[in-house]
Amino acid sequence: MRRDGRLGVGVIGAGRVGPVIGAALGGAGHAIVGITRGADEERAEAVLPGVPRFDALEVVRRSELVVIAVPHDELPGLVSGLAELGAWQSGQLVLHTDPAYGTGVLGPASARGSIPLAVHPAVTFTGTSMDLRQLAHAYAAVTAPAAVLPIAQALAVELGCEPVVVAEEARPAYAEALATATEFSRSIVRQSTDLLAGAGVPEPGRYLSALVHSAVDQALSDAGSGAPGSLEP
């Protein structure tokens, strides 16, 4: 780690999440040293212009902080595969963004001296620079061993988020809660727009926009205050 606290950051995963996390950390003053290639190179380049593309092994080799933002099912195999290649370095920070895993999934890296961190920003990523504005108003679930928890919290703050500590054993329930909110919201909006379209209402998505946003805002306010209609008894 550099004396000024600035890190060389490498990103594994060039989908909707990885480039945005890299851009946020770059905006906080860290140096983005490389990112793996993805299916949408044009989008990744728009978010992280000029950042070199490498394979995962080379990204790890060049980085003081490795951000892993890959699909849930790929994460365990990626971490263990890189461990078998001797990629992980002692003292290197390794951070993943998956909501359902804590730091246990990073065991093969921590066994080689790396520092495991799990930081999940609670936003729906679009993979564009618009996400940077979302991060500035978001919370992030952080999980890490007690000795390095402040590092995970500090990185969440540098992303623009307010960190909330989630215990290792609670990560599956945390992930289920977010998935429920996301999928239920999408399902209800799809159902409602289909009904409006059938009723002859033009541009049903636009028609519902103000209603849905205000209803969700009110529901969130009630849930936070324990007002009638919230989940409080």
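How many bridges join E1 to E3, and do the two strands run parallel or antiparallel? Four bridges join the pair, and the strands run parallel. The views below, all from a predicted model, start with the whole sheet and then go strand by strand.

**View 1. The open sheet has seven strands.** Reading across, the order goes E2-E1-E3-E4-E5-E6-E7, and the pairing is mixed. Strand E2 (31-35) and strand E7 (162-165) sit at the edges with a single partner strand each, so one side of each has no neighbour in the sheet. From one strand to the next, the twist averages 25°.

**View 2. Helix H1 (residues 18-27) packs on the sheet.** H1 touches strand E1 (8-12), E2, strand E3 (65-68) and strand E5 (115-121). The helix direction makes about 160° with that of E2. Together, E1, H1 and E2 make up a right-handed β-α-β unit.

**View 3. Strand E1 is covered on both faces.** On one side are Gly8, Gly10 and Ile12, on the other Val9 and Val11, and all of them are buried. That's five of the five residues of E1, so the strand is largely enclosed by the rest of the structure.

**View 4. E1 pairs with E2 and with E3.** Four bridges tie E1 to E2, and these two strands run parallel. Look for Val11 opposite Ile35 in E2. Over in E3, Leu65 is the residue that Val9 stands opposite.

Methods. Residues are numbered from 1 along each chain as its sequence is written. This is a predicted model: local features need pLDDT of at least 70, side-chain atom pairs count only at pLDDT 80 or more; totals for chains, interfaces and linings use all residues. Side-chain values use heavy atoms; hydrogens and water are left out. Two strands pair if DSSP finds at least two bridges between them. Axes are lines fitted to C-alpha atoms, for helices over the stretch in contact, and angles run from 0 to 180 degrees between N-to-C directions. Contact means heavy atoms within 4.5 Å. Buried means under 20% relative accessible area, exposed over 50%, partly exposed in between (1.4 Å probe, protein chains only). A crossover is right-handed if, with the strands pointing away from the viewer, the path from the first strand over the helix to the second runs clockwise.
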